[in-house]
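Open your viewer, load the model and get ready to select a few residues. Each stop below tells you what to pick next and what is there.

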Amino acid sequence: KTSTSQGMLSYQSGVEISNSIIKNSNTGLYLSGDNVKVKNCLIYDSNFGLRFTGTNGFFYNCTYANNATAVYLDAKSSTLKNSIFTDNTTDMSSSGLGVSQTTYSVTDLSQSSSGMPADQSNKFSQTFVFSNSVNKDFHLLNTDDSAKDKGVDLSVDPNFPFSDDIDGQNRTNPWDMGPDEIIKITSIPET
């Protein structure tokens, strides 16, 4: 959290960022502009994980880990879905200038500490089971009960439809939150 650089910086409209790992920055992802879309990203070890100052930003299936402030919104309109917030000092903060919608998202913080809005689809004080979070492997394990199979299907989302994960694998219903979809293996009974 000591870097003074931006991980990714864009003032352009129509920017789409997907399947990215952004780390060790003052601001991991700084975006402005209209109709900005981000999916399947992992942003960790930054002062600000994501800072959005534009209009109509869509941030889907991202994990924000070990950031001072995971998401700072200074925007007219932004939507976050299927987000995992883990080990951040504050999950969400905003200037109060715009409208933000955060749904189907989970955090290890309490609602009062998180800053994430109350919504029946959002869950607080959760415990996640990652492959190896100490070494920054935030793939969910099959034993996770907080984010696995808790997301909403975004394959027909009116603003930003997609159906893959950070590894390029197809997502299956019910969707997992965060950038990785656990591959569901169906056992075939012996005959």
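Helices (H or I, at least four residues) and strands (E, at least two) are DSSP runs, numbered from the N terminus. This is a predicted model, in which local features need pLDDT of at least 70 and side-chain atom pairs count only at pLDDT 80 or more, while totals for chains, interfaces and linings use all residues. Residues are numbered from 1 along each chain as its sequence is written, and side-chain values use heavy atoms, with hydrogens and water left out.

**The whole protein**

Begin with a cartoon view: the protein has one helix and 17 strands. Now switch to the C-alpha trace, which spans about 60 × 35 × 30 Å along its principal axes. The radius of gyration (taken over C-alpha atoms) is compared with a globule rule of 2.2 Å times the number of residues to the power 0.38. For 191 residues a compact globule would have a radius near 16 Å, and the protein agrees because its own value is 16 Å.

Next, color by burial, where buried means under 20% relative accessible area, exposed over 50%, and partly exposed in between (1.4 Å probe, protein chains only). Buried residues make up 49% of the 191 residues.

**The largest core**

A nonpolar core is a set of buried Ala, Val, Leu, Ile, Met, Phe, Trp, Tyr and Cys residues joined through side-chain atoms within 4.5 Å. Select Leu-31, Val-38, Tyr-64 and Val-71: these have the most contacts inside the largest nonpolar core, which has 23 residues. Strands E4 (27-31), E5 (34-39), E7 (48-52) and E10 (69-73) each give two or more residues to this core. Its largest share, three residues, comes from E10. Apart from this core lies another, of twelve residues, among them Ala-65, Ile-84, Val-106 and Ile-182.

Stay with Tyr-64 and show its contacts (heavy atoms within 4.5 Å). Leaving aside neighbours within four places in sequence, Tyr-64 touches residues including Ile-43, Leu-50, Phe-59, Val-71, Ile-84 and Phe-85.

**Out to a loop**

Go to Gly-96, in the loop between strand E13 (90-94) and strand E14 (99-103). Is Gly-96 buried or exposed? Gly-96 counts as exposed because its relative accessible area is 59%. Draw a distance from Gly-96 to Ser-46: the two are 50 residues apart in sequence and 22 Å apart in space, C-alpha to C-alpha.

Select Asp-87, in the loop between strand E12 (84-86) and E13. Asp-87 is not a glycine, yet its phi is positive, at about 60°. Then jump to Asp-149, in the segment after E17. Here too phi is positive, near 65°, in a residue other than glycine. Asp-149 counts as partly exposed because its relative accessibility is 28%.

**After the last stop on E17**

Keep following the segment after E17 to Pro-174. Which kind of peptide bond runs from Asn-173 to Pro-174? That bond is cis, with omega near -5°.

Finish at Glu-181, which is also found in the segment after strand E17 (137-140). Glu-181 counts as buried because its relative accessibility is 1%. Again leaving aside neighbours within four places in sequence, Glu-181 is in contact with Asp-165, Gln-169, Asn-170, Arg-171, Thr-172, Pro-174, Trp-175 and Asp-176.
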